[in-house]
Amino acid sequence: MSVNKKLVAYHVGRLKDKNVDVRLKSIEELKELGDPEALGALQEVYKNDSDQVVRKAAQEAGRALFVKNQHK
């Protein structure tokens with residue numbers, strides 16, 4: 001498994017953290033990593049997270065990832 005895939009897996013796991021700031025930081029990291037494998041996890045956060053700010057961040061990160069990977 002590549003370092004990038006390990007980082008994606010790590011941050012996807014942190015999307016379920018109780019702390020909103022931890023979830024937001026992981027969403028930003030997933031956006032930076034740019035791996036389309038994170039799209040499903042971001043979609044789950046967007047649909048199910050209890051915090052509106054986290055849901056919005058997940059939506060924006062998902063869009064950015066989607067667009068970024070359309071051009072590959």
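Analyst: Gladly! Let's start with a term: a nonpolar core is a set of buried Ala, Val, Leu, Ile, Met, Phe, Trp, Tyr and Cys residues joined through side-chain atoms within 4.5 Å. Please keep in mind that this is a predicted model.

User: Which residues touch the most other members of the largest nonpolar core?

Analyst: The largest nonpolar core has 13 residues, and those touching the most other members are Leu15, Ile27, Leu30, Ala38, Leu42, Val45 and Ala58. Two or more residues come from each of α2, α3 and α4, with α4 giving the most, five residues.

User: What does Ala58 touch, leaving out residues up to four places away in sequence?

Analyst: Ala58 touches Ile27, Leu42, Val45 and Tyr46. As a general background, nonpolar side chains in soluble globular proteins tend to be buried together.

User: Why is the pair Lys5 and Asp35 called a salt bridge?

Analyst: The cut-off is a side-chain nitrogen of Lys or Arg within 4 Å of a carboxyl oxygen of Asp or Glu. Lys5 and Asp35 have an N to O distance of 2.8 Å, so the pair meets the definition. Lys5 lies in helix α1 (residues 3-14) and Asp35 in the loop between α2 (20-33) and α3 (39-48), so the contact ties together parts that are 30 residues apart in sequence. Lys5, Asp35 and Glu37 are linked in a network of salt bridges.

User: What makes Asp35 buried or exposed?

Analyst: Buried means under 20% relative accessible area. Asp35 has 5%, so Asp35 is buried.

User: What makes Glu60 and Lys56 a salt bridge?

Analyst: The N to O distance is 3.1 Å, so it is within the 4 Å cut-off. Glu60 and Lys56 both sit in helix α4, four residues apart, about one turn of the helix. Glu60 has a relative accessibility of 37% and is partly exposed; Lys56, at 48%, is partly exposed too.

User: How many salt bridges does the rule give?

Analyst: The count comes to five salt bridges.

Definitions and conventions: Residues are numbered from 1 along each chain as its sequence is written. This is a predicted model: local features need pLDDT of at least 70, side-chain atom pairs count only at pLDDT 80 or more; totals for chains, interfaces and linings use all residues. Side-chain values use heavy atoms; hydrogens and water are left out. Buried means under 20% relative accessible area, exposed over 50%, partly exposed in between (1.4 Å probe, protein chains only). Contact means heavy atoms within 4.5 Å.
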